[in-house]
Amino acid sequence: MFLLLWLYMQQTYFWMKNRIVLFVAGCIALFLSSCLNSDDQEYEIPKDCQITSFSLKSDSVKGLEAVKFVIDQVNGRIFNPDSMPFGTEIEKVVCTISRASGLASIEVTQEALPDSTFFWNTEDSLDFSKPVKFVTAAYDGITKKTYIAQVNIHQVVPDSMSWELYASNVLGFPVKEQKVVTWGDQENEYYYMYAQAADASKGYSLHTSSVSNAISWTEMTLSGLPAGEVRLSQMTEYEDALFVPTTKGALYRSVNGQDWTLVDQSNNVKALLGAIAAVDNNVLQQPSFLSAIVDNNGTLDFAYLNEEMKWTIGDAVPDGFPVSGFGSLASYSTGSKQNSLTVVAGKDKNGKLLNSAWATMNGGQWILLTDEESDYFDKREGVILSAYDNKFCLIGGIDEANKARKDLYFSIDGGVTWTLSDTLTVMPDNYKARGFASVSVDKDNFMLIFGGKETNNANDLDQIWRGRINRLGFKD
């Protein structure tokens, strides 16, 4: 019995031993098979070596950490679309990037530092006072990508105003008087320039230009205006039509700017003061009107025309109110939620030069804005008056000595007070002082000045000037 038990145990031992040997042998065979077959399988090395995010920071450069950078993967450019403030100085700063999985190394060349090409460890600070070149390489050692990174900084003083002579010899013939109005909808706007030639035999002419290109002008047909009688400087747009008075008290109207017809009226129109659009803001309703001064049986009265072409007579025109040579501006008041019409400077009915400002919200009653003793600017006529940079802007005019001016004033309170701009926002040295010019501000915040006279009796300057406060051209 004992012998049989011993034989059984020996048999079991050899059987288990063989099983272990077979298992180990199988594993070795499987491993060898895997190694032998490895040449038949492909392992792809990552080749994406793009920079995927980019930022800068420095304790000495205020706001740098908040600057957003754009990575143009197509053209290999890294830049901040919103430029940093004028005068910002960037030198050595900490640069942080994110990288794609295949990026193995980065070679950097700093343009600000000669002979500065080196392999960057992503930790050393870099000098961004000039562009920096990054050359990234993938693990395969072949795939590379080049980026030029730069920090954009405004190169002009934000609050200074840059001017240029935009066009000259625009019409090519001597002009006695001109007026430019903006005509059409926002998608299809044109400048309409009405010109009275110095040669009386040529009469009036009309020239048009796209608002986007005021250099090229095309003459258009013009009919219906009486020769030598039109007060072009007082041409006013009202309710999708243009109106202009004559020296004889007549009023003409055009719905297309080319063909003009006489408006029926009971009183002679001595001056058109301007017009405002209607307001309906759910709080109050303000009707539109065309404001004028009329001769009412020998008395000069304010009057206004409504959208139904009906006249209403208002107050008598007081001494000291301009009847010619004034600047006119329609504006919206955020305080009153209404439109108002303002006239500045000019001559009163006694031929006296003024330096005052008046305003109305209904066309029938006007109030004096400036103090009677105010002397914010010298008495003058033919001022260039425009809304600009959320202010009223007044430029030049012709003074009591019949001398043109080029000084510039701003009013932040709708014409009540005026401040001379004598530092950053001034007219350039090569800009000739002038009065009686037309003015327009386009959608890109450029102010355009058309023509103008150096004296009352001079012909118009055949020029267009264009200017803009630099920060109004910065992208948000």
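The second largest pocket has a lining of 19 residues, and E189, V211, S212, D442 and K443 lie nearest its centre. Its space amounts to about 400 Å³. Seven of the lining residues are nonpolar, six polar and six charged. In these classes, Ala, Val, Leu, Ile, Met, Phe, Trp, Tyr, Cys and Pro are nonpolar, Asp, Glu, Lys and Arg are charged, and the others, Gly among them, are polar.

This is a predicted model, in which local features need pLDDT of at least 70 and side-chain atom pairs count only at pLDDT 80 or more, while totals for chains, interfaces and linings use all residues. Residues are numbered from 1 along each chain as its sequence is written, and side-chain values use heavy atoms, with hydrogens and water left out.

Pockets and cavities are both found on a 1 Å grid over the protein atoms alone: a cavity is a set of points where a 1.4 Å probe fits but cannot get out, a pocket is an open set with protein on both sides within 12 Å along at least five of seven lines, and lining residues have an atom within 4 Å of a point. Grid points are joined across faces, edges and corners, and a volume is the space filled by probe spheres set on the points.

Over the whole structure, two cavities of 30 Å³ or more are found. The largest cavity has a volume of about 80 Å³, and its lining includes V170, F173, M193, F450 and D460. By class, this lining holds seven nonpolar, three polar and two charged residues. The second largest cavity contains about 40 Å³ of space. Q265, S266, N267, V269, V294, W311 and I313 line the second largest cavity, with four nonpolar, three polar and no charged residues among them.

Strands here are DSSP runs (E, at least two residues), numbered from the N terminus, and two strands pair if DSSP finds at least two bridges between them. The open sheet has four strands in the order β10-β36-β35-β34, with antiparallel pairing. Its edge strands, β10 (161-168) and β34 (438-441), each pair on one side only. β34 and β35 (residues 447-450) are joined in the antiparallel sense by four bridges.

Another open sheet of four strands runs in the order β15-β16-β17-β18, again with antiparallel pairing. β15 (236-238) and β18 (261-262) each have a single partner strand, so one side of each is left without a neighbour in the sheet. Three bridges pair β15 with β16 (residues 241-245) in the antiparallel sense; T236 has F243 as its bridge partner in β16.

The structure has 13 salt bridges, each a side-chain nitrogen of Lys or Arg within 4 Å of a carboxyl oxygen of Asp or Glu. Three of them are tabulated, with relative accessibility for each residue; buried means under 20% relative accessible area, exposed over 50%, and partly exposed in between (1.4 Å probe, protein chains only).

| K347 and E381 | 3.8 Å | K347, 28%, partly exposed | E381, 6%, buried |

K347 in β26 (residues 338-347) and E381 in β29 (residues 380-381) are 34 residues apart, and their pair links distant parts of the chain. R405 and D407 belong to a network of salt bridges together with D378, R380 and D399.
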